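Please take a moment with the sequence and the model below before reading on.

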Amino acid sequence: MSQKIFNTKTRKKEVFQPIEEGAVGMYVCGITAYDVCHVGHARAAVVFDVIFRHFRARGYRVTYVKNFTDIDDKIIDRANREGVTITDITDRYIRLHDEDMAALNVLAPTITPKATEHMADMITLIRTLEEKGIAYAVDGDVFFAVGNYPAYGGLSGRNLDEMMAGARVDVNDKKRNPLDFVLWKKSKEGEPSWESPWGAGRPGWHIECSAMSRRYLGDTFDIHGGGEDLVFPHHENEIAQSQAATGKPPVHYWIHNGFVKINAEKMSKSLGNIFPIREIIRQYHPEVLRLFMIQSHYRSPVDYSDTALRETRTALIRCYTALRQMKDLRAQSGGAGDAAGAAAGGYAKRLNDLAEKFDAALDDDFNTAQALGFVFEAARLINTVTTAEKKMPAAAKLAVCNAAAARFAHFGAVLGVFQSDPDEFFRADRSLEAAKRGLDIPQIESLIRDRDKARAEKDWSRADDIRRELAAMNILLKDAAGETFWSIE
RNA sequence: GGCGGCAUAGCCAAGUGGCUAAGGCAGCGGUCUGCAAAACCGUUAUUCUCCGGUUCAAAUCCGGAUGCCGCCUCCA
């Protein structure tokens, strides 16, 4: 089974052919470090994290580069407003970014370069373009001449004439063509600047990615990713710069993730509907947000809402419930179990089939939604064995659970979910929900103890009174063999 | 104005030429249970926005209509 990838450049699903057998070079546009990360960043991060994880699970050696843009107008604005240096700003938001990513179980990329640490690479690239007559300097600024690069527009499916007709381009007297874009920008008084052959200035936005991807992955590499909004102009310009400089196409496969909408509206500062990751995970377990992202295909738009997250939480609880049953069963009866018994029920084979289908779904353009379907089927299978199967011998159940545990470890490792111990997960979930509703956990647990006592004495009416009292607080009780399990809502 | 995408059950969401149209949430009936809950079983789209066409065969391909959305300006 070969990997397939939808390539933005050709708008087709293509069979992935790595440049070097068994290896993948992947560059993804990271954040501009001037504010905290929001749901949109979470989606991009999770999407490419799963791609990274899947490639590794399939045995590829992956070099995953994700940059930080740490010099930019927005950063300068913020630094000026706060009266601090741009490094104060970028250090702060890179740190917060790293915290958020860790919370979401996003693996650290192989290399996380910063623009400001690659000035020499950028200047070299711009000089090359200048020497080739594709860039021109005017009064300390350097522009890329789109007219001298005939393939311009190849990624986004536009051509120069159409764009000229569109006319929504900014007016700048220095540019020869309104569509020319800046490679190097002369610094104004008091702005951060770097020395260059064109005087003190700073790089344009697009050049950093051309320079850094080339530095770490070479003139041509396998995969370049980012949000769909980056297709034009950012990635279009990146291709133009790189290819004009090196004479080679920089990227074989372009992957772009879809946007997150908020309650069916575009997320924007003016609508005030930006949800920072750190705010969301105060309300929901981080795996809820993560599962929410992988429930749909990475290219479709997703609509974020509290209702959607609540439903996702219920689905995640379903999985953790299965994992908890499995854990309990394995704890009660240790050992290898009866493999023949597991095989007899057909369970071992079904688990095996599901695991194969799971991997195949991800091979097909990273279809996490489809893969998740098989995960839920596996969860049902576990529940059947642990709770519904009445006549199955314990040793056979144990063997199924052992096999299922290995499968779930794989699902979890690739999707980046199910990373908590089930008891830990429910504890965290209860405490989040209790905090949201202002409920007092020790008080709840004391009521449950009272009820357990009443039940032991077969005082059913007292037990039911307590159940009703707790139900009024949205507390749900589940009487199990030894103890009463509870959850909120 | 230019470029592109999407339309599948009450809701979310896979499926892109041919087995019974995944899966999740919600609902209903049952099993289990002191009562519950969870779990399991069954059930909820004879049909994939609409109209034409291609084909032995289409949700899936082609043409058209309608509706929604994104990009073209900083943006994951």
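Leaving aside its neighbours within four places in sequence, which residues is isoleucine 475 in contact with? In this predicted model, isoleucine 475 is in contact with Leu439, Ile444, Leu470, Trp486, Ser487 and Ile488, once neighbours within four places in sequence are left aside. Isoleucine 475 lies in strand β14, and with a relative accessible area of 3% it is buried, because the limit for that label is under 20%. The C-alpha atom of isoleucine 475 is separated by 9.7 Å from that of alanine 434, a residue 41 positions away along the chain.

The domain assignment of chain A gives domain 1 as residues 4-280, domain 2 as 306-421 and domain 3 as 439-488. The C-alpha centres of domain 1 and domain 3 are 55 Å apart.

As a general background, nonpolar side chains tend to be buried together in soluble globular proteins.

Apart from neighbours within four places in sequence, leucine 183 is in contact with Ile126, Leu129, Ala135, Val142, Phe143, Phe144, Pro203, Gly204, Ile207 and Gln241. What does the side chain of glutamine 241 make a polar contact with? The partner is the side chain of serine 210, at 2.8 Å. Beyond four places in sequence, the contacts of glutamine 241 are with Leu129, Phe144, Phe181, Leu183, His206, Ile207 and Ser210. Helix α7 also holds proline 233, which is joined to phenylalanine 232 by a cis peptide bond with omega of about 5°.

Helix α9, residues 286-294, is mostly covered, with nine of its nine residues buried. Among these buried residues are Glu287 and Arg290 as well as Val288, Leu289, Leu291 and Phe292. Threonine 312, whose place is in helix α10, touches Val288, Leu291, Phe292 and Gln295, not counting residues up to four places away in sequence. Is threonine 312 buried or exposed? At 2% relative accessibility, threonine 312 counts as buried. Its C-alpha atom and that of tyrosine 284, which is 28 residues away along the chain, are separated by 9.9 Å.

Sugar and phosphate make up 65% of the RNA strand B atoms that come within 4 Å of the protein. By residue class, the surface near RNA strand B divides into 14 nonpolar, 24 polar and 17 charged residues. Elements that each supply at least two residues of this surface include α1 (39-57), α5 (160-166), β9 (221-227), α10 (306-332), α16 (441-456), α17 (460-471) and β14 (475-479), while α13 gives the most, with ten residues.

The side chain of aspartate 464 has an N or O atom 2.5 Å from a base nitrogen of RNA strand B. A base nitrogen of RNA strand B also lies 3.2 Å from a backbone N or O atom of glycine 40.

Alanine 264, in the loop between β11 (260-262) and β12 (265-266), has a phi near 70°, a positive value in a residue other than glycine. Lysine 458, in the loop between α16 and α17, likewise has a positive phi, near 55°, and is exposed, with a relative accessible area of 58%.

Terms used:
Residues are numbered from 1 along each chain as its sequence is written. Chains are lettered from A and ligands numbered from 1 in the order in which they are written. This is a predicted model: local features need pLDDT of at least 70, side-chain atom pairs count only at pLDDT 80 or more; totals for chains, interfaces and linings use all residues. Side-chain values use heavy atoms; hydrogens and water are left out. Domain bounds come from an automatic or database domain assignment. A residue is near a molecule or strand if one of its heavy atoms lies within 4 Å of it. A polar contact is a pair of N or O atoms within 3.5 Å; within protein, one must be able to donate a hydrogen and the other to accept it, and residues adjacent in sequence count only if both atoms are side-chain atoms. Helices (H or I, at least four residues) and strands (E, at least two) are DSSP runs, numbered from the N terminus. Ala, Val, Leu, Ile, Met, Phe, Trp, Tyr, Cys and Pro count as nonpolar, Asp, Glu, Lys and Arg as charged, and the others, Gly among them, as polar. Contact means heavy atoms within 4.5 Å. Buried means under 20% relative accessible area, exposed over 50%, partly exposed in between (1.4 Å probe, protein chains only).
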